[in-house]
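Work through the exercises below with the coordinates open. Each task is followed by a solution in steps.

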Amino acid sequence: MGTFKAIRIDKSEAGYQAAFTDFDEAELMDGDVTVRVTHSTVNYKDGLAISGKSPVVRRFPMIPGIDFAGVVEASANPAFKPGDEVLLNGWGLGETHLGGYAQKARVKAEWLTPLPKGLTRAQAMAIGTAGYTAMLSLLALERHGVTPAMGPAIVTGASGGVGSVAVALLAKAGWRVIASTGRPQEADWLKGLGAAEVIDRNELSAPGRPLGKERWAAGVDSVGSHTLANVLAQTSYGGAVAACGLAQGMDLPASVAPFILRGVSLLGIDSVMCPQPRRLAAWARLANDLDPAKLASLTTTIPFEQTIDAARSILDGVIRGRVVVEIG
Ligand code: NDP
């Protein structure tokens, strides 16, 4: 048994620390498949884990990184064999189970998703948990029965990871997309991804009225708090909003007015424990629907060494789109 390069989080009397280390293979947790990790990503939750700002990490030491793509090295499960390309997101990776910011991972076979046909490992991580969550949101809206014929769709936090992929996916699905952002300088980029209109997030981020003018029929919200409350208050009759994030806050200072007077629905999106069939459907649709040129335009690639800095800056809302980490 040897060692491999990883980011390790420790919590002790000296404080909460994330640093690069040579991790001992003998310390890997139980699992029937060992994977050589080639790519990971930086999600908002990774920022929370690395900074320790929120109790994301629930085991120490921890290797953070809530998703990875890689190649199977060894498998005691017939579902996978050495050489298979796989990805993993959620299931407690980087929270309760050693995660993706490492050259090696050992995990349960049932957590793994075979790399979808048509995607490279780098593209799969360009999508990552954030992009897959955007697709879960679109699928939830479609299951609910809202359609582009009912009116536009709003995406909040549009310049972020979930938001930028949601803009591209909703536009591809035929929606007239209204992108809400605090970065007006990204308006042209958002229009290139498929936004028909870009609005200032300040329109939505302050306390608002219980009901407002009906402006959209659907929404994908990665922001929460007053923003989600205002999105609901301005959703048209019979519309639906998928809530998947908390970039502004975990609170929801809303009234029941949109629900009981306009029949608006709030759809909850969780990516971590999402059952496998729904996961596979989301990844297959991502491989099929997401234009590779748009995906490239929302992706920045960084070397492993820059991961800790990138994870800290995502919490400041300064990272545009998605970040792929080349583990190497
Ligand atoms: P990003 O940081 O990439 O995107 C968040 C975006 O939200 C920012 O880019 C910014 O967009 C906007 N934003 C940030 N701070 C504020 C604020 N104070 N007020 C209003 N808007 C703000 O993160 P991700 O896309 O990775 O994740 C987005 C959210 O979704 C996070 O809360 C994350 O935890 C959650 N999430 C949930 C999942 C689930 O399973 N439910 C899975 C994945 C993510 P702009 O500059 O355009 O305004």
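**Exercise 1: a buried arginine**

Leaving aside neighbours within four places in sequence, Arg-183 is in contact (heavy atoms within 4.5 Å) with Ser-159, Gly-160, Gly-317, Val-318, Ile-319 and Arg-320. The model is predicted, so local features need pLDDT of at least 70 and side-chain atom pairs count only at pLDDT 80 or more, while totals for chains, interfaces and linings use all residues. Residues are numbered from 1 along each chain as its sequence is written, and side-chain values use heavy atoms, with hydrogens and water left out.

Task: Locate Arg-183 and state which side chain of opposite charge is nearest.

Solution.
1. Arg-183 sits in the loop between S9 and H4; helices (H or I, at least four residues) and strands (E, at least two) are DSSP runs, numbered from the N terminus.
2. Arg-183 is buried and has no salt bridge. Buried means under 20% relative accessible area, exposed over 50%, and partly exposed in between (1.4 Å probe, protein chains only). A salt bridge requires a side-chain nitrogen of Lys or Arg within 4 Å of a carboxyl oxygen of Asp or Glu.
3. The nearest side chain of opposite charge is Glu-186, 5.0 Å away; for charge, Lys and Arg count as positive and Asp and Glu as negative, with His and the chain ends not counted.
4. At 3.1 Å, the Arg-183 side chain reaches the backbone oxygen of Ile-319.

**Exercise 2: salt bridges**

Task: Find how many salt bridges the whole structure has, and describe the pairs of Lys-5, Arg-58 and Glu-142.

Solution.
1. The search of the whole structure gives 15 salt bridges.
2. Lys-5 pairs with Glu-305, with the closest N and O atoms 2.7 Å apart. Lys-5 lies in strand S1 (residues 3-12) and Glu-305 in the loop between strand S14 (299-303) and helix H10 (307-314), so the pair ties together parts 300 residues apart in sequence. Lys-5 is partly exposed, at 27% relative accessible area.
3. Arg-58 pairs with Glu-95, with 2.8 Å between the closest N and O atoms. This pair links distant parts of the chain, 37 residues apart: Arg-58 is in the loop between H1 and S4, and Glu-95 in the loop between S5 and S6. Arg-58 is exposed at 54% relative accessibility, whereas Glu-95 is buried at 6%.
4. Glu-142 pairs with Arg-285, with the closest N and O atoms 2.7 Å apart. Glu-142 belongs to helix H2 (residues 121-144) and Arg-285 to helix H8 (residues 276-289), 143 residues apart. Glu-142 is partly exposed at 32%, and Arg-285 is partly exposed at 21%.
5. Shared partners join the salt bridges of Arg-8, Asp-10 and Glu-27 into one network.

**Exercise 3: the largest nonpolar core**

Task: Identify which residues of the largest nonpolar core touch the most other members, and which element supplies the largest share.

Solution.
1. A nonpolar core is a set of buried Ala, Val, Leu, Ile, Met, Phe, Trp, Tyr and Cys residues joined through side-chain atoms within 4.5 Å.
2. The largest core has 49 residues, and Leu-141, Val-167 and Leu-170 touch the most other members.
3. H2 supplies the largest share of this core, 13 residues.
4. Beyond its neighbours within four places in sequence, Leu-141 has contacts including Val-146, Leu-170, Ala-218 and Leu-267.
5. Apart from this core lies another, of 45 residues, among them Ile-63, Val-107, Trp-111 and Phe-304.

Technical notes: A polar contact is a pair of N or O atoms within 3.5 Å; within protein, one must be able to donate a hydrogen and the other to accept it, and residues adjacent in sequence count only if both atoms are side-chain atoms.
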